[in-house]
Amino acid sequence: MERLKSGLRKTGSSIATVFTGTRIDDALYEELEDALLMADTGVKATQWLLTDLKRRVKEAKATEPAAVKALLADALAALLAPLEKPLVIGEHQPTVIMVAGVNGAGKTTSIGKLTKHLADHGQQVLLAAADTFRAAAREQLGVWATRNTVEIVSQEGGDPAAVSFDAVSAGKARGKDVVLVDTAGRLPTQLHLMEELKKIRRVVTKADATAPHEVLLVIDGNTGQNALAQVRAFDDALQLTGLIVTKLDGTAKGGVLAAIAQERPVPVYFIGVGEKLEDLETFNAREFAQALLG
Ligand SMILES: Nc1nc2c(ncn2[C@@H]2O[C@H](COP(=O)(O)OP(=O)(O)OP(=O)(O)O)[C@@H](O)[C@H]2O)c(=O)[nH]1
Ligand SMILES: [Mg+2]
């Protein structure tokens, strides 16, 4: 919570200054509109929030800007609420989780952190190095496997779909609770690479007819409005079940989650707030709203 707060501090202070005046007038709402747009909230979600806020202000008969700020926190928390949903493990053995995203979003790091989170909850995890694109990528996942003392299925120069198939089969045979599949970074515009992801998904289903049980998109919190485009494109290609939003400890503005909630509400299972094993938090709409407003 502290790391999230300090990460979003800049956004928080620029939104907070909107409410330092003494009157609730058009100027206040205009400043707020600017501040929300600057925070990556996007036009649609910003308009939605302003309309909802004005209704709340009227209903509460608020007279002080400070009261408007509190009502904005309520409006934002309500908008973000549908994104708050826990990742459920245990309905399948193993639960197969495929992880995708653009280059450098934080997929491999998030898998490392998620492995610890799951192990802390008593789950046996198996990692699948389906980022076969670079040798370094396999090694990087191997480091996280060692740190967490979990097994990894990896194959030099292998086909990503074949590695995924092997990992799911191994997960079943070895009685694992969770199989986490790491994939290579790619842009949604690289159509052949998006096809490769779809193939991984299909082949995983061949190894286990009910899998994948979760398809997660990792997005870098610093990506701004492009994050929404990524959610749309990967969701269209893969039918996402959840998101992990990383790097919220840095210079991310955070408002893009409001845009995602408004336009493509895929649940945010976790947020990344640092590079270490323990820097993964579950998403709480109310806390996030409060951190965003400073
Ligand atoms: N500050 C911070 N850095 C992060 C976070 N998550 C990931 N990173 C850093 O982001 C960089 C990229 O992370 P990776 O996990 O390698 O990203 P990736 O999506 O697997 O990258 P590719 O496999 O190359 O597409 C690394 O330097 C990570 O340490 C986070 O929550 N906070
Ligand atoms: Mg990676």
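This is a predicted model: local features need pLDDT of at least 70, side-chain atom pairs count only at pLDDT 80 or more; totals for chains, interfaces and linings use all residues.

Student: What is the omega of the peptide bond from Ala-211 to Pro-212?

Tutor: Most peptide bonds are trans. The bond from Ala-211 to Pro-212 is cis instead. Its omega is near -5°.

Student: Where is Pro-94, the residue at the end of the peptide bond from Gln-93?

Tutor: The bond from Gln-93 to Pro-94 is also cis, with omega near -5°. As for its place, Pro-94 sits in the loop between H5 and strand E1 (95-100).

Student: What is the phi of Gln-239?

Tutor: You'll find Gln-239 in the loop between helix H10 (226-238) and strand E6 (242-246). Most residues other than glycine have a negative phi. Gln-239 is not a glycine, yet its phi is positive, at about 55°.

Student: Let's zoom out. How is the chain divided into domains?

Tutor: There's a domain 1 and a domain 2, and their centres, taken over C-alpha atoms, are 32 Å apart. The bounds are 2-83 for domain 1 and 95-284 for domain 2.

Student: How much area do domain 1 and domain 2 bury between them?

Tutor: The contact takes in 17 residues of domain 1 and 26 residues of domain 2. Carbon and sulfur atoms carry 59% of the buried area. The area itself comes to about 1,800 Å².

Student: Which residues of domain 1 lose the most area to domain 2?

Tutor: Three residues together make up 41% of what the domain 1 side buries. They are Arg-3, Asp-40 and Leu-83.

Student: Is the crossing of H5 and H11 left-handed or right-handed?

Tutor: H5 passes H12 in a right-handed crossing. With H11, the axes are 8 Å apart and the angle is about 55°, so H5 is oblique to H11. The crossing of H5 and H11 is left-handed.

Student: How many polar residues does the contact of H5 with H11 have?

Tutor: Leu-76, Leu-79 and Leu-80 of H5 meet Leu-257, Ala-258, Ala-261 and Gln-262 of H11. Six of these residues are nonpolar and none is charged. The polar count is one.

Student: And H4: is it parallel or perpendicular to H11?

Tutor: The axes of H4 (residues 43-60) and H11 (residues 256-263) come within 8 Å and cross at roughly 85°. That makes H4 roughly perpendicular to H11.

Student: Which residues make the contact of H4 with H11?

Tutor: By class, the contact has four nonpolar, one polar and two charged residues. On the H11 side they are Ala-258, Ala-259, Gln-262 and Glu-263, and on the H4 side Lys-44, Ala-45 and Trp-48.

Definitions and conventions. Residues are numbered from 1 along each chain as its sequence is written. Chains are lettered from A and ligands numbered from 1 in the order in which they are written. Side-chain values use heavy atoms; hydrogens and water are left out. A crossing is left-handed if the near helix is turned anticlockwise from the far one by less than a right angle, and right-handed if clockwise. Helices (H or I, at least four residues) and strands (E, at least two) are DSSP runs, numbered from the N terminus. Domain bounds come from an automatic or database domain assignment. Contact means heavy atoms within 4.5 Å. Buried area is the accessible area (1.4 Å probe) that two parts lose on being put together, summed over both. Axes are lines fitted to C-alpha atoms, for helices over the stretch in contact, and angles run from 0 to 180 degrees between N-to-C directions. Angles under 35 degrees count as roughly parallel, over 145 as roughly antiparallel, 65 to 115 as roughly perpendicular and the rest as oblique. Ala, Val, Leu, Ile, Met, Phe, Trp, Tyr, Cys and Pro count as nonpolar, Asp, Glu, Lys and Arg as charged, and the others, Gly among them, as polar.
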